[in-house]
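Visitor: I'm new here. Could you show me around this one?

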Amino acid sequence: VTGVKAGTTTLDSLKKFTGLAAERNIHKIVVVSDPLHLSRVQEMAEDLGFEVAVSASPITESDERRQSGLVKEMLTLTAYRLFHVG
């Protein structure tokens, strides 16, 4: 995120970006990320009031790493939906 210090989580980074976006009247954003991460980041950004388009970055990980990433994203998305953390 240009002009904003990165947060420690995806949600933290998006929340920090909202201030800059408000100053610059930004309502529509494009998020480029790992395909497994896109659902969560899109939902979070929409909950913060953004109109969001997403684009998947290329996958360069092994099958084993992708499987563990999928499990992580499913758990993190569930935690976000239940507790709004993440």
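Visitor: How far apart do the centres of the positive and negative side chains lie?
Guide: Let's say what counts: Lys and Arg are positive, Asp and Glu negative, with His and the chain ends left out. Each charge is placed at NZ of Lys, CZ of Arg, CG of Asp or CD of Glu. The protein has 10 positive and 11 negative side chains, and the centres of the two sets are separated by 5 Å.

Visitor: Where does all this come from?
Guide: It's a predicted model, where local features need pLDDT of at least 70 and side-chain atom pairs 80 or more, while totals for chains, interfaces and linings use all residues. Numbering starts from 1 along each chain as its sequence is written, and side-chain values use heavy atoms, without hydrogens and water.

Visitor: In what order do the elements run from the N terminus?
Guide: Helices (H or I, at least four residues) and strands (E, at least two) are DSSP runs, numbered from the N terminus. The protein has three helices and two strands. From the N terminus on, the order is α-β-α-β-α.

Visitor: Is V85 buried, partly exposed or exposed?
Guide: V85 sits in the segment after α3 (63-83). Buried means under 20% relative accessible area and exposed over 50%, with partly exposed in between (1.4 Å probe, protein chains only). V85 has 44% relative accessibility, so the word for it is partly exposed.
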